[in-house]
Amino acid sequence: MQTELSAPSVLRAGRLKELHEALCHALEAGSVRLDVTEVGKLDFAGLQLIIAAATEARRREVGFELAGPCPILQDALEVVGAQDLAPIIGGGAA
C-alpha cells in the first residue's frame, strides 16, 4: 500500500511536527509518495526530515518517492549527497 502525503510550503525547524508524525505513521503502513510541489522554503531541518524519511523507508524496505520537488530542493539534496535516496517524480517550478 502506498500512502500519499503533501508537504507544506515551508519546511523549517519548528514547523515540521505534523509532517514528521504523518511520515512516521505512513512508513509503518508501507510505501510513501511525498508531494513536495508546494515547498518553496526549507532549512536544514526540513531537508533532514526528508532524508530521514527516505533512509527509514530503505531500512524498512518500502518505497519512498518525492513528487514535484522544486530546483532548490533538488539542489539541496545534491549538495548533501542525498539525491539518490528517493526517486523523484516530476519536478516543480523554480
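1. A quick definition before anything else: a cavity here is a set of grid points where a 1.4 Å probe fits but cannot get out. Keep in mind that this is a predicted model. By that rule, the count comes to one cavity of 30 Å³ or more, and the largest cavity has a volume of about 40 Å³.

2. Who lines it? The largest cavity is lined by Ile 50, Ile 51, Ala 54, Leu 66, Leu 77, Ala 82, Gln 83, Leu 85 and Ala 86. Sorted by class, that lining comes to eight nonpolar residues, one polar and no charged ones. Helix 2 gives the most to the lining, with three residues.

3. On to helix 1, which covers residues 17-29. It has 13 residues and reaches 19 Å from its first C-alpha to its last, close to the 18 Å expected at 1.5 Å a residue. Just after helix 1 comes Gly 30, with a positive phi of about 145°.

4. Which residues of helix 1 are buried? They are Leu 19, Leu 23, Ala 26 and Leu 27. Looking down the axis of helix 1, its buried residues fall within an arc of 95°, so they line one face of the helix. Over on the other side of helix 1, Lys 17, Glu 18, His 25 and Glu 28 are exposed.

5. What sits over that buried face? The cover for the buried residues of helix 1 includes strand 1 (2-6), strand 2 (10-11), strand 3 (31-35), helix 2 (44-60) and strand 5 (64-67).

6. Thr 3 is worth a look while you have strand 1 on screen, as that is where Thr 3 is found. Is Thr 3 buried or exposed? Its relative accessibility is 17%, and the cut-off for buried is under 20%, so Thr 3 counts as buried. Leaving aside neighbours within four places in sequence, Thr 3 is in contact with Ala 26, Ser 31, Val 32 and Arg 33. Ala 26 is one of the buried residues of helix 1.

7. Last stop, Pro 69, in the loop between strand 5 and helix 3 (71-79). Pro 69 has 0% relative accessibility, so it counts as buried.

How values were computed: Residues are numbered from 1 along each chain as its sequence is written. This is a predicted model: local features need pLDDT of at least 70, side-chain atom pairs count only at pLDDT 80 or more; totals for chains, interfaces and linings use all residues. Side-chain values use heavy atoms; hydrogens and water are left out. Helices (H or I, at least four residues) and strands (E, at least two) are DSSP runs, numbered from the N terminus. The expected span of a helix is 1.5 Å times one less than its number of residues. Buried means under 20% relative accessible area, exposed over 50%, partly exposed in between (1.4 Å probe, protein chains only). The arc is that of the directions from the helix axis to the C-beta atoms. Contact means heavy atoms within 4.5 Å. On a 1 Å grid over the protein atoms alone, a cavity is a set of points where a 1.4 Å probe fits but cannot get out, and a pocket is an open set with protein on both sides within 12 Å along at least five of seven lines; lining residues have an atom within 4 Å of a point. Grid points are joined across faces, edges and corners, and a volume is the space filled by probe spheres set on the points. Ala, Val, Leu, Ile, Met, Phe, Trp, Tyr, Cys and Pro count as nonpolar, Asp, Glu, Lys and Arg as charged, and the others, Gly among them, as polar.
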